[in-house]
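Have the structure open as we talk.

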Amino acid sequence: MDLYPLYNSLRIAAIASVLVFFLGILAAYYIAKCPRIIKGILDVIFTLPLVLPPTVVGYLLLLVLGPHRIIGSFFYEHFQLRLTMQWWSAIFAVLVVVFPLMYRTARGAFESFDENLSHAGQTLGLSNTYIFWRIRMPYCRQGIIAGVVLSFARALGEYGATSMIAGYTPGKTATVSTAVYQLWRTGNDALATKWVLINIAISAVVLLAINLLERPRRA
């Protein structure tokens with residue numbers, strides 16, 4: 001049994017989760033402070049990938065990153081670098097798909113933060129950076145960690161956008177999700193079932209972790 005799809009899925013999900021952690025927190029922190037109208041508009045933009053079909057997200061990414069498109073053509077002409085059909089191309093797709101999960105979760109955590117704690121820190125002469133990392137983030141850690149774990153789980157199972165922008169090449173771009181589809185398509189149900197069971201096991205562990213993180217905060 002070739003374990004490359006599992007290895008590739010895990011590294012794509014891990015890299016995307018790290019990136020979406022910082023991007024999601026950054027967006028959530030500043031948008032939570034925006035006026036209501038601006039917040040509503042940005043919410044729609046940032047949450048849209050969550051409700052769009054993944055294949056539509058993949059198609060839109062191809063319109064931007066394809067070798068004959070806006071960004072893709074620049075990198076191909078100047079660096080001979082194709083941004084699609086590489087293993088790391090899936091990171092772009094996964095990042096766009098899971099970003100709304102991290103963003104919405106982090107924003108909810110920040111909005112529940114007691115701003116009196118921040119004001120108290122400012123009166124003591126603490127910097128905004130110190131307050132953010134040493135007061136705000138620890139206070140919101142349950143929601144933040146839950147967002148990261150949920151984003152990782154979603155990234156691990158992403159198929160639609162990934163298959164369009166990275167394709168399926170055994171030993172190169174294959175992931176668990178694309179491997180299941182290809183194995184089913186070629187009639188190898190036994191191996192496809194094994195990958196399905198592996199995916200279910202990982203997802204169950206992730207859901208268990210989220211449930212543990214959602215335990216009520218002690219007073």
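Q: Which residues does Ile144 touch, not counting residues up to four places away in sequence?
A: A contact means heavy atoms within 4.5 Å. Here Ile144 touches Phe21, Ile25, Met102, Ala106, Phe110 and Met137, leaving aside residues up to four places away in sequence. Bear in mind that this is a predicted model, where local features need pLDDT of at least 70, side-chain atom pairs count only at pLDDT 80 or more, and totals for chains, interfaces and linings use all residues. Residues are numbered from 1 along each chain as its sequence is written, and side-chain values use heavy atoms, with hydrogens and water left out.

Q: How many residues has the largest nonpolar core?
A: A nonpolar core is a set of buried Ala, Val, Leu, Ile, Met, Phe, Trp, Tyr and Cys residues joined through side-chain atoms within 4.5 Å. Buried means under 20% relative accessible area, exposed over 50%, and partly exposed in between (1.4 Å probe, protein chains only). The largest core has 36 residues, and Ile25, Phe110 and Ile144 have the most contacts inside it.

Q: Which elements give two or more residues to this core?
A: Helices (H or I, at least four residues) and strands (E, at least two) are DSSP runs, numbered from the N terminus. The contributors are H1, helix H3 (54-65), helix H5 (89-111), helix H7 (128-139), H8 and helix H9 (160-165). H5 gives the largest share, 13 residues. There is also a second, separate core of five residues, including Leu6, Val176, Ala192 and Trp195.

Q: How many aromatic pairs does the structure hold?
A: Rings of Phe, Tyr and Trp (its six-membered ring) pair if their centres lie within 6.5 Å; planes under 30 degrees apart count as stacked, over 60 as edge-to-face and the rest as tilted. This structure holds 17 such pairs. Phe21 and Phe22 are edge-to-face because their planes stand at 80°, with ring centres 4.9 Å apart. Tyr29, Tyr30, Phe110, Phe132 and Trp133 form one aromatic cluster.

Q: Which residues line the largest cavity?
A: Rolling a probe the size of a water molecule over the atoms shows where empty space is left. On a 1 Å grid over the protein atoms alone, a cavity is a set of points where a 1.4 Å probe fits but cannot get out; lining residues have an atom within 4 Å of a point. The lining here is Ser9, Ile12, Val94, Ala155, Leu156, Glu158, Thr162 and Thr175. Helix H1 (4-31) and helix H8 (141-156) each give two or more of these residues.

Definitions and conventions: On a 1 Å grid over the protein atoms alone, a cavity is a set of points where a 1.4 Å probe fits but cannot get out, and a pocket is an open set with protein on both sides within 12 Å along at least five of seven lines; lining residues have an atom within 4 Å of a point.
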